[in-house]
Amino acid sequence: MKLLSSAGDSYIGCRDGQEDSFAIWEGETKDGEPELLMVVADGMGGHARGEVASTLVVEAFVESFSHSALTSPDRLRKALFEANARLARAVSEAPDLAGMGTTLAACHLCGQSLHWISVGDSPLWLCQASGFGRLNADHSMRADLGGAVARGEMTAWSASVHPYRNMLRAAVMGDEIGEIDCPATPMICRPDDMVVLASDGIFSVPTETLHQIVATLWDKAPAKIVQALLRSVIDANARKQDNVTILVGKFANASGHAVHEIPKGKSRAKIMGAWAILSIAVLFLIAAAFVNQV
């Protein structure tokens, strides 16, 4: 069984065309260790331009990353900058493409290490037996509005209907990139952890629902998890459903067997049960000693 497995797919939603692009690249380090790169880009600038931007950037990113011998964070940054430069050259050669751009999020899995880089609002979630949490920064007004809600400055409903909630603070457009999330230190993962990388069209489904789907299909192959997550988007039937792309990458242990953690509540119950048995045994011994003394 492969130590790293993955799958990805897209859904057009209510749009006239597909402006998302994605890629999954599998390779080996110079030491022969399997490595996996997953990339998703959500194009902007209208159907034709958005599709061109996302496709061009994903292809350039994978090409650069796959031929680089740098450390993971440096490989990711170099790939982003080369993809951004490729986009700039495309616009200079075809001025009618001016204004096109794309978000980009990529993650690199190798051994038990997870690195990522992202520009824009595409989410990267780490899914573990203990929980489901977003790793990368959200470079959109959605994140700012969420902070305002948390501080009590506005209601959740007001944030959900705010006209600028989907406005991006950073994107790949061939010029200087305003914000980049690329930590130098990797996230150390455990066997059977998985990552979900998606375009922002996935936000039509509540995060809690996505978590439940992943938890239910924990032992299934990535392809089955991807299809279940896409089905949840389709079933949500959002009125203006955006394009959505979902990729799942999964770590496995060397034996190929799933590693199941006992939920914390159950482990506490077992400990308390053991203490109860021990307490009864101690009381029994005290009672027996008292009877003998009498």
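**From a loop to the core**

Tutor: D192 is placed in the loop that links strand 9 to strand 10 (194–198); helices (H or I, at least four residues) and strands (E, at least two) are DSSP runs, numbered from the N terminus. The model is predicted, so local features need pLDDT of at least 70 and side-chain atom pairs count only at pLDDT 80 or more, while totals for chains, interfaces and linings use all residues. Residues are numbered from 1 along each chain as its sequence is written, and side-chain values use heavy atoms, with hydrogens and water left out.

D192 has a positive phi, near 75°, although it is a residue other than glycine. With a relative accessibility of 7%, D192 counts as buried, a term that means under 20% relative accessible area, against over 50% for exposed and partly exposed in between (1.4 Å probe, protein chains only).

Strand 9 (residues 187–188) pairs with strand 6 in the antiparallel sense over two bridges; pairing requires at least two bridges found by DSSP. Within this pair, I188 of strand 9 stands opposite S113. Strand 6 is largely enclosed by the rest of the structure, because six of its seven residues are buried.

Strand 6 is also joined to strand 5 by seven bridges, again antiparallel. Two residues lie between the strands of this hairpin, where G111 takes a positive phi near 60°. Across the pair, W116 in strand 6 faces C107.

C107 is buried, at a relative accessible area of 0%, and C110 is buried too, at 15%. The closest cysteine sulfur to that of C107 belongs to C189, and the 9.5 Å between them is too far for a bond. The structure holds zero disulfides, a disulfide being a pair of cysteine sulfur atoms within 2.5 Å.

The largest nonpolar core has 29 residues, with L37, L104 and I117 among those that have the most contacts inside it. The elements giving two or more residues to this core include strand 5 (104–110) and strand 6 (113–119), but helix 1 gives the most, with eight residues. Such a core is a set of buried Ala, Val, Leu, Ile, Met, Phe, Trp, Tyr and Cys residues joined through side-chain atoms within 4.5 Å. Neighbours within four places in sequence aside, L37 is in contact (heavy atoms within 4.5 Å) with residues including C107, A106 and F61. A second, separate core of 22 residues includes M194 and V196.
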